[in-house]
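Please examine the sequence and the three-dimensional structure shown below.

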Amino acid sequence: MIRLPLVLFFSAVLFSTGVYGVLARRNAVLVLMSIELMLNAVNVNLVAFSQFWHDITGQVFALFVIAVAAAEVGIGLAIVILIYRNRETINVDEVNLLKW
Amino acid sequence: MTGQEYVFAVLALVGTISAIRLVTAKNVVHAALYLVVTLSVVGGVYLLLAAEFVGWVQILIYVGAIVILFLFGLMLTRAPIGREALDNQQRGIAFLIGLGILGGLVYLIQGAFSWSGPRLRPSVGTTAQLGQSLFRQWVLPFEAVSFLLLAALIGAVVLSRRDDRP
Amino acid sequence: MVGAAETLSATAIGPGFARLAWVVAVLPLVSAALTLFFGKRTPGRGWIYGVAAMSAGFVLSVLVLWHFVQGGGAVGSSVTWFTIGPLHVEAGQYVDGLTAIMLIVVTAVSLAVHVYSIGYMHDDVRFTWFYVVLSVFTAAMLNVVIADNLIQLLVGWEVMGLCSYLLIGHWWEERINSNAAIKAFITTRIGDVPFMFGIFVLIAATGFHSANIQQVGELVGGPDVSRGLVSVAALLLFGGTIGKSAQFPLHVWLPDAMQGPTPVSALIHAATMVAAGVYLVGRMYSVFLHAAPEVLGFVGIIGGITMFGAALLALVQDDIKRVLAYSTVSQLAYMVTAMSVGPAGRDAAFFHLFTHAFFKALLFLGAGCVIHAVHSNNMSDMGGLWRRMPVTFWTFAFGSAALAGIPPLAGFWSKDELLVAASKGHAVVFTLMLVTALVTAFYTTRMVMLTFLGPYRGHGEPEEAPAVMTGPLVALALGTVSVGFLGAALTRGVFFKWVFFEVPEPVTFVLWVATLSILAAGLGVLAGWYVYRERPEPDPVFQLGWLSSVLVNKFYLDEVYMNGIVLPVRDRLAAAAVWFDRNVLDGMVNGTARLTKDLALGTDEFDRTVVDSAVNGVAQAAGFTGGLLRYLQSGNVQRYAAFLFVGVVVLAIVITRI
C-alpha cells in the first residue's frame with residue numbers, strides 16, 4: 001500500500017540525477033552509466049503505473065526497455081572502445097571534431 | 001504511513017544517495033559500485049511493488065550483466081582518477097538543469113496526484129501473468145527486440161574487433 | 001488402341017510415386033541452396049550437390065512415369081497459396097503422362113549437363129556459382145512442368161528467364177557475352193508481357209475464380225466464355241511461346257545466346273527453356289482448340305515460317321553452335337507447326353520434343369567437346385577430328401543422324417509422327433515439313449563433314465575429352481537410339497498412351513509418308529556428302545548470290561530491329577527533339593532574350609546604385625550574426641545535451657501553463 005506519488009518522486013530524483021550525470025561527466029563510460037540511471041527511472045514509472053492501472057502491459061514494456069538498454073550498453077561500449085583505440089581518450093568533450 | 005511505505009522510504013533514501021554518489025564519485029570503479037547499489041535498490045522497489053518477474057530480471061540483467069559490461073569498459077579504457085579528470089566545466093549549468101528538471105517533474109506529479117495521492121494495490125506482476133501477456137499480445141515486439149539484440153551483438157563485435165587490414 | 005474401359009480401370013491404380021512429383025522440383029532448389037552455402041568448402045567445389053539432386057530427381061521421375069506405364073490416371077494436389085477476393089490461387093502439382101515425360105526429359109538432360117560441366121567448366125573461376133544457377137534453372141523448369149495453375153507456371157517461367165540471363169552472360173567479362181545475355185532477356189521479355197496478359201485474360205474469363213489450368217481448360221469449352229475472349233487469350237499466350245521458344249520474329253536471341261558456356265546451351269536450348277514455350281501451347285491446348293480457327297492458323301504460319309527460315313539460316317553458319325542454335329529454332333518450329341494441325345499433331349509434337357531433347361543435348365555437348373579441344377567455335381578451324389576424338393565423333397554422328405531423320409533413330413520416328421499428323425488434310429504444312437527435313441539433312445551433313453572429316457585446319461593437337469565429358473555423350477547417344485521406339489508406330493510404341501489430349505490418338509504407320517520422309521532425309525544427306533566430299537573452297541553455300549547474302553545477314557532481321565525500332569527510338573526521336581529545340585524553343589528564347597536585354601540595360605543602372613548597397617548591407621549583417629552564432633556549435637556533445645534539456649524544461653513549463 002504505497003502511495004503512488006512517493007514512487008514517482010523517487011523516479012523523478014533518479015531521472016534528474018541521471019540528467020546531471022550526462023551533462024557533467026567527461027568520461028564516456030560514466031555518461032553511459034548516467035543514461036542507465038535515466039532508463040531505470042522510466043522503468044520505475046512504468047511498473048508503478050502498471051500496478052496503478054492493474055495492467056500488466058507496463059511491466060512488459062519495462063522488460064522491453066531493459067532489453068533495449070542492454071543492446072544500447074553493448075553498442076555504446078563498443079563505440080567507446082573504438083574511440084579509445086583511435087584517440088587515446090574517452091573524454092567526450094575532447095571528441096569535438098564536428099564544429100566550426 | 002504503512003509498513004511498506006517505511007521500507008520504500010529506506011530503499012528510496014539509499015537509492016537517492018547512491019545515485020548522487022554515482023554521478024559525483026571521483027573514482028570510476030566506485031561509481032560502478034554505486035551503480036550496482038542503485039540498480040539493486042530499483043530492483044527492490046520492483047519487488048516491493050509486487051512486480052516479481054521484472055524485479056528479478058532487473059537484478060539478473062542489470063546487476064549481473066550490464067554492470068559487468070561497464071566494468072569491462074572501464075578496464076579496457078584507461079580511466080584517470082580525480083574530479084577534474086572525470087567532470088567537465090559545465091558542472092554548474094548541469095546542476096541547475098538537473099534541479100530544473102526535478103522541480104518540473106515534482107510540480108507535474110503534485111499537480112496530478114497531490115501528496116496523499118492514490119495508494120497502489122499491487123495486483124499484477126506474477127511471472128505467469130507476464131508470460132501470458134508477453135507471448136499472447138506482444139509476441140511480435142518481443143521477436144523484434146530479440147532481433148534488435150542480435151543486431152546489437154553483431155554490431156558490437158564488428159565495431160570492436162581489430163581491423164587486421166593495413 | 002487404348003479403350004475407354006482401360007482408362008477407367010486405370011484410375012483404380014493408386015497414385016504411388018506420382019504424388020511425389022513435386023519432390024523432383026524441390027530437389028534442385030535444395031541442391032542450389034547447399035551449393036550456394038557450402039559449395040566452396042566441399043571437395044570438388046560443389047558439383048556433388050547438383051549431380052546428386054539430379055540423379056535422385058531422375059530416378060524419382062522414372063518412378064513417377066511408372067505410375068502411367070501401369071495405366072494410372074492424372075494425379076493432382078495443391079495447397080492454397082493466396083486469395084484475392086473470389087480468386088483462389090493454389091500452389092500445387094498436376095501430374096499426368098505429359099508431366100512425367102517432361103520430368104524425365106528435364107532431369108535426364110540436366111543430369112547429363114551437370115556431369116558434363118564438371119569437366120567443361122573445370123577451370124572456371126565461378127564454377128560454384130555456375131552450379132547454383134544451373135540448379136535453380138532446372139528447378140524453375142520443373143516448376144513450369146508440374147505447375148497446376150497459371151500463376152505458378154508464370155513464376156517458374158520468369159525465374160527461367162532470369163537464370164538464362166545469368167547463364168548466357170556467365171563470362172560477362174567480355175562485352176559481347178553480356179550483350180547477348182541482355183538481348184536474350186529483353187527479347188524473351190517482349191514475349192512474356194503478352195503471355196502475362198494472356199493469363200490475366202484467362203483468369204478474367206473464368207470470372208476471376210480460378211487460375212487452375214485444368215479448370216480453365218474445361219471452362220473455355222463451356223458456354224459461359226465468349227469465343228472472342230478465348231481467341232485473344234490464346235494469341236496472347238502464344239506471344240509467350242514466340243519469345244521463349246524463339247519463334248519468328250523473336251527468334252533472334254537464340255543464336256546470340258550461344259555466347260554462353262556450351263553446357264548451358266545444351267540445357268537451355270535443348271531440353272528446358274525453349275521447350276517451355278512448346279509445352280505451354282500443348283498444356284493450354286484446350287484454349288487454342290476453342291479459340292477461333294484463325295488462331296491455330298496463325299500458330300501454323302508462324303511455325304512454318306520459322307521452321308523453314310531457320311533451317312535455311314543454319315546452312316550458312318560457320319560457328320558450329322550457331323548451326324545447332326538455328327537447327328533448334330527450326331525443330332521447335334516443327335513442334336509448333338504440328339500443334340496447329342490438331343490434337344494428333346499436339347501429341348506428335350510432344351513426342352518430337354521428347355526425342356529432340358536427347359539428340360539435341362547430345363549434339364550440343366558433343367560440340368562442346370570439340371570446342372573444348374580446338375579452342376574455337378568455327379568449323380573452318382576444325383576438320384579431321386574423327387580420328388582424334390572417336391567417342392565424340394561417333395556419338396555426334398548418332399545425334400546428327402537422328403536430327404537428319406535417318407531410321408531407326410529417335411528423330412526419324414518422331415518426325416514421322418509429325419508428318420503423319422500433317423498428312424491428313426494439311427498439304428501445305430506437310431510439304432513444308434518435307435522440304436525442311438531435306439534442308440535439315442543437308443546442313444547436318446555439312447556440319448559433320450566440316451567438323452570431323454577432311455584435314456585438320458586448326459592449331460594445336462586436339463585430344464579426346466575426359467571421361468566425365470564423354471560419359472554423358474554416350475548415355476545421351478543410347479537415349480537417342482532407344483527413346484524413338486517408345487512412340488514408334490511400327491513397333492506400336494506406348495508413348496501416346498501416356499501423352500494424349502483428352503483421348504489417346506491411334507498411332508498408325510503410313511508407308512508412303514515414311515518413304516517420303518526417308519527419301520527427303522536421304523536426299524539431303526547425299527547432297528551434303530556430294531557437295532562437301534571434296535571440301536570445296538570457298539564454301540558453296542556462300543556462292544548462291546543474293547540468297548547467300550540474305551541468309552548470312554539473317555534475313556536482315558537484326559538490321560530491321562536496329563533500324564526500325566532501336567535507332568528510331570534512339571535517334572529519330574532525339575533528332576525530332578533537336579529540331580523542335582532549335583526552331584521553336586530557340587526562337588522563343590531568342591525573342592525573349594532580346595526583350596530582356598533592353599530591360600536589363602535599364603535595370604542595370606537601378607541595380608548598381610540602389611539594390612547593391614541594400615544586398616551588401618544584408619549580407620554583412622548575416623555574416624556578422626553568423627560569426628557570433630557559430631560559437632554555439634562547439635562540437636561538445638554535452639553542451640548540446642544541456643541545450644536539449646533546457647529546451648525540455650522550458651517546453652514542459654510552457655505546455656503545462658497553457
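Which residues are buried in α3(B)? They are B:F53, B:V54, B:G55, B:V57, B:Q58, B:Y62, B:I66, B:V67, B:F70, B:G73 and B:L74. A residue is buried if 20 or more other C-beta atoms lie within 10 Å of its own, exposed if 12 or fewer, and partly exposed in between, with C-beta atoms placed from the backbone.

This is a predicted model, in which local features need pLDDT of at least 70, side-chain atom pairs count only at pLDDT 80 or more, and totals for chains, interfaces and linings use all residues. Residues are numbered from 1 along each chain as its sequence is written, while chains are lettered from A and ligands numbered from 1 in the order in which they are written.

**Two helices**

Helices here are DSSP runs (H or I, at least four residues), numbered from the N terminus. The expected span of a helix is 1.5 Å times one less than its number of residues.

| Helix | Residues | Number of residues | Span between end C-alpha atoms | Expected span |
|---|---|---|---|---|
| α3(B) | 52–76 | 25 residues | 35 Å | 36 Å |

The buried residues of α3(B) pack against α2 and α3 of chain A, together with α2 and α6 of chain B.

In α27(C), the buried residues are C:Q638, C:R639, C:A642 and C:F645. Because they cover an arc of only 130° around the axis, they lie on the same side of α27(C). Their cover includes α1 of chain A and α5 of chain B. On the face turned away from the buried side are the exposed residues C:F643, C:G647, C:L651, C:V654 and C:I655.

**Contacts between chains**

Two residues are in contact if their C-beta atoms, placed from the backbone, lie within 7 Å. By this criterion, 62 residues of chain A are in contact with 77 residues of chain B. Helix α3(A) supplies the largest share of the chain A side, 21 residues. Between chains C and A, 10 residues of chain C are in contact with 10 residues of chain A.

**Confidence**

The pLDDT is the predictor's confidence in each residue, from 0 to 100. Chain C averages 81, and 91% of its residues score at least 70. Over residues 1–12 of chain C, the pLDDT is below 50. Where pLDDT is low, the predicted coordinates should not be read in detail. The model scores ipTM 0.91 and pTM 0.62.

Conventions:
Arc of directions from axis to C-beta.
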